[in-house]
Amino acid sequence: MTPPNDISTPLAESATIAHTEDAAPLWYKDAIIYQLHVKAFFDANDDGIGDFEGLRHKLDYLQDLGVTALWLLPFYPSPLRDDGYDISDYRAINTSLS
């Protein structure tokens with residue numbers, strides 16, 4: 001196997017090699033997972049509803065708290081008959097959060 005820093009190794013291949021060798025297979029055992037609802041977390045545009053821009057602004061804050069993984073509650077468009085879990089479009093973001 002070619003060392004990852006060797007010039008003849010393609011970048012994508014070296015990144016894959018480094019990732020698989022350094023990755024802890026049971027990362028979740030020591031992870032600090034922070035669950036949040038985007039619309040209730042931080043409002044960046046002052047419309048009264050949290051949004052992804054607000055979440056982006058607070059990523060450094062969450063990292064400073066020691067958070068290593070985020071668990072986001074549903075943020076897809078939904079008719080809201082099941083608290084957002086009745087997703088109507090898996091390829092979009094609820095317009096109130098963007």
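Leu-55 is found in helix α3. Helices here are DSSP runs of H or I with at least four residues, strands are runs of E with at least two, and both are numbered from the N terminus. Leu-55 is buried, because its relative accessible area is 7%. Buried means under 20% relative accessible area, exposed means over 50%, and partly exposed lies in between (1.4 Å probe, protein chains only).

This is a predicted model: local features need pLDDT of at least 70, side-chain atom pairs count only at pLDDT 80 or more, and totals for chains, interfaces and linings use all residues. Residues are numbered from 1 along each chain as its sequence is written, and side-chain values use heavy atoms, with hydrogens and water left out.

Which residues does Leu-55 touch, not counting residues up to four places away in sequence? They are Leu-36, Val-38, Phe-41, Phe-42, Leu-62, Leu-70 and Leu-72. Contact means heavy atoms within 4.5 Å. Take Leu-36: it is 19 residues from Leu-55 in sequence. In space, their C-alpha atoms are 9.6 Å apart.

## The chain as a whole

The chain has four helices and two strands. Along the sequence they follow the pattern α-β-α-α-α-β. Of the 98 residues of the chain, 21% count as buried.

Now take contacts between residues at least 6 apart in sequence. Of these, 34% join residues at least 24 apart. The accessible surface of the chain comes to about 7500 Å². Carbon and sulfur atoms account for 55% of that surface. Accessible areas come from the Shrake-Rupley method with a 1.4 Å probe; for residues, only the protein chains shown count as cover.

## Salt bridges

Side chains of opposite charge can pair when their charged atoms come close. How many salt bridges does the structure hold? There are two. A salt bridge is a side-chain nitrogen of Lys or Arg within 4 Å of a carboxyl oxygen of Asp or Glu.

One joins Glu-53 to Arg-56, with the closest N and O atoms 2.5 Å apart. Glu-53 and Arg-56 are three residues apart in helix α3 (residues 52-57), so about one helical turn separates them. Glu-53 is partly exposed, at 36% relative accessible area. In the other bridge, Arg-91 meets Asp-89 at 3.8 Å, N to O. Arg-91 is exposed, with a relative accessible area of 80%. Asp-89 is partly exposed, at 27%.

## Aromatic rings

The whole structure contains five aromatic pairs. Rings of Phe, Tyr and Trp (its six-membered ring) pair if their centres lie within 6.5 Å; planes under 30 degrees apart count as stacked, over 60 as edge-to-face and the rest as tilted. One of the pairs is Phe-52 with Phe-75. Their ring centres are 5.2 Å apart and their planes meet at 85 degrees, so the pair is edge-to-face. This pair links distant parts of the chain, 23 residues apart: Phe-52 lies in helix α3, and Phe-75 lies in the segment after β2 (69-72). Phe-52 is partly exposed, at 23% relative accessibility. Phe-75 is buried, at 18%. Phe-52, Phe-75, Tyr-76 and Tyr-90 form one aromatic cluster.

Lys-58 also meets rings. It lies over the face of Phe-42, 4.7 Å from the ring centre. The charged end of Lys-58 also sits over the ring of Tyr-61, 5.7 Å from its centre. A charge sits over a ring if NZ of Lys or CZ of Arg is within 6 Å of the ring centre and within 35 degrees of the ring normal.

## A nonpolar surface patch

Leu-26, Trp-27, Tyr-28, Ile-33 and Trp-71 form a nonpolar patch on the surface. Together they have about 590 Å² of accessible area. Patches are made of residues with over 30% relative accessible area and no salt bridge: like charges are joined within 9 Å, nonpolar side chains (Val, Leu, Ile, Met, Phe, Trp, Tyr) within 5 Å. Leu-26 sits in the loop between α1 (11-22) and β1 (33-36). Leu-26 counts as partly exposed, because its relative accessibility is 43%.

## Positive phi angles

Most residues other than glycine have a negative phi. Asp-46 has a positive phi, near 55 degrees. Asp-46 is found in the loop between α2 (38-41) and α3. At 70% relative accessibility, Asp-46 is exposed.

Leu-80 has a positive phi as well, near 60 degrees. Where is Leu-80? Leu-80 lies in the segment after β2. It is exposed, with a relative accessible area of 54%.
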